[in-house]
Amino acid sequence: MTNALSPRDLARQMVTVAGRPYLPLSFIARLPFAMMLVGILSLTTIERGSLALAGGLTAVAGIGTALMGPVFGALADRWGQRPVLLGGALISIAASIAFLTAVSDGASDAALWLSAAAVGATMPQVAPLSRSRAAVVAQRLEHHSPDARGRALPLAMSYESIVDESSYVLGPVAVGLLASLLAPTAPLVASMVLTATVVIAFALHPTARLGTARPVHELDVMARRPSTWSAELSLLAVAMLAVGAVFGSTLTSVTAYLAALGQTELAGLVYGIMSIGAIITALAVGLLPPTISLRSRWRWFACVAVAGTAVLALVPGDGAVLVGLFVAGCGVGAVLVALFSLGANAAHERRRNTVLVTLQSMLTVGQALVTALTGVLVEQSGAAAGFAVAVGASVALLVMALAHGLVASNPSATESMNSG
């Protein structure tokens, strides 16, 4: 027996519980979500010629996700993941068809707003529900293996973040390639095909039982208990907004930067550099010793995000844009691992789906709202102004890392937080 759980040990345990096909399945099933915001932004910019409108529609889609995400999480806690994912997949396909029709037929802006909101609201929440399944596996290991204690959950969340960020690399890249090689509508069509096949397969996979619904009498008892949404979870939700703001302002600014060069269709490809940095650090932080707390990781890698966004805002040139995107991605990638790990630790085991979906939703709404606001800003003042927004969001993320120490110093918060 080794002295500490290794990534290989965790992967072996995950495969034992979930089966080998689950790992590629859970990755591919995330692609429709990863393609959604970039696909809406790119399609609307090309078809309607307005980055402000495109940013607004992206924001509406993100708000739809944020509003309905916690509802889907609560339904999954009550009824199980399978029926929620199946129903969401079918409605999502219908909403995407409505949006594509509205854009292609020159429908009114009102029709675009409504259909974009429907696309976001119905998008299946694969990533947080997969995190919920992985958290169950990790915490079972921590309960039964001394070697796994304090290490399994951060490793599981690192793995999930790597898969997430890999999907965010492939998603925008796929949008860029499909839009440039086939048609502007091709990315959303491909997203619908994946939803109809792979997302449904994810819903039907046996691991859905790890998010099994509770008996009704147990739910009634839970309903009479005080709310499990603590001050710590509230701070984590706001921090997710800030991470989303970094992503949203960066994506819009990169799009504006390339639009000025007449290369808008490459936005997804260039933006993928940020996700590559996030993948590398998500892998690296999973190997850090448990003595380096999740809070410390959040604090130090928020500093890295500040440095990367500062390069984007202050240093001109194509090379600086690529370097800044990579460094900023390294920072926010590690912060995301810490935030999801802290959230999984702080969540009541019977509310984990709700908590993790809510955190994912806050990330999405932060990205969407700031995408819209930055879209208006960059049309008036250029890409540099949008990159300045990313700096501000990164600084806010650092301030909240420091504030987390104050929240977790309370007895109730300390009890819910495993420093990792």
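This note walks through the fold, a few helices and some individual residues in numbered points.

1. **What kind of model this is.** The model is predicted, so to speak: local features need pLDDT of at least 70, side-chain atom pairs count only at pLDDT 80 or more, and totals for chains, interfaces and linings use all residues. Residues are numbered from 1 along each chain as its sequence is written, and side-chain values use heavy atoms, with hydrogens and water left out.

2. **The overall picture.** The protein chain has 17 helices and zero strands; both are DSSP runs numbered from the N terminus, helices being H or I of at least four residues and strands E of at least two. Of its 420 residues, 57% count as buried, where buried means under 20% relative accessible area, exposed means over 50% and partly exposed lies in between, with a 1.4 Å probe and protein chains only. A contact means heavy atoms within 4.5 Å. Among contacts in the protein chain between residues at least 6 apart in sequence, 84% join residues at least 24 apart.

3. **Cysteines.** You will find zero disulfides in the structure, a disulfide being a pair of cysteine sulfur atoms within 2.5 Å. C303 is partly exposed, because its relative accessible area is 31%. C330, by contrast, is buried, with a relative accessible area of 11%.

4. **Helix α3.** This helix covers residues 31–48, and its 18 residues should span 26 Å at 1.5 Å a residue; the end C-alpha atoms are 25 Å apart, which agrees. The expected span is 1.5 Å times one less than the number of residues. A kink of about 30° in α3 is centred on L37, the bend at a residue being the angle between axes fitted to the seven residues ending there and the seven starting there. Since 15 of the 18 residues of α3 are buried, the helix is largely enclosed by the rest of the structure. Just after α3, G49 takes a positive phi of about 70°.

5. **Helix α5.** With 24 residues, α5 reaches 34 Å from its first C-alpha to its last, close to the 34 Å expected at 1.5 Å a residue. Just after α5 comes G106, with a positive phi of about 65°.

6. **Helix α9.** Residues 186–204 form α9, whose 19 residues reach 27 Å from first C-alpha to last, close to the 27 Å expected at 1.5 Å a residue. There is also a kink here, of about 40° and centred on T195. T195 is one of the buried residues of α9, along with others including P187, M192, V198 and F202.

7. **How α5 and α9 pack.** Two packed helices are described by the angle between their axes and the distance between the axes. The axes of α5 (residues 81–104) and α9 come within 9 Å and cross at roughly 175°. Axes are lines fitted to C-alpha atoms, for helices over the stretch in contact, and angles run from 0 to 180 degrees between N-to-C directions. The two helices are therefore roughly antiparallel to each other; angles under 35 degrees count as roughly parallel, over 145 as roughly antiparallel, 65 to 115 as roughly perpendicular and the rest as oblique. Among the residues making the contact are R82, L85, I93 and F99 of α5 and L188, M192, T195 and F202 of α9.

8. **A208, in a loop.** A208 is found in the loop between α9 and α10 (216–223). At a relative accessible area of 6%, A208 is buried. Leaving aside neighbours within four places in sequence, A208 is in contact with Q81, R82, R133 and A203. Its C-alpha atom is separated by 8.8 Å from that of L129, 79 residues apart along the chain.

9. A245 counts as buried at 10% relative accessibility, and T255 is buried with a relative accessible area of 3%. Not counting residues up to four places away in sequence, A245 touches G366, Q367, V370 and A393, while T255 touches L41, L51, T264 and A267.

10. **T371, in α15.** T371 is found in helix α15 (residues 352–381). Where does T371 stand, buried or exposed? At 0% relative accessibility, T371 counts as buried. Apart from neighbours within four places in sequence, T371 is in contact with L41, G55, T58, G248 and T252.
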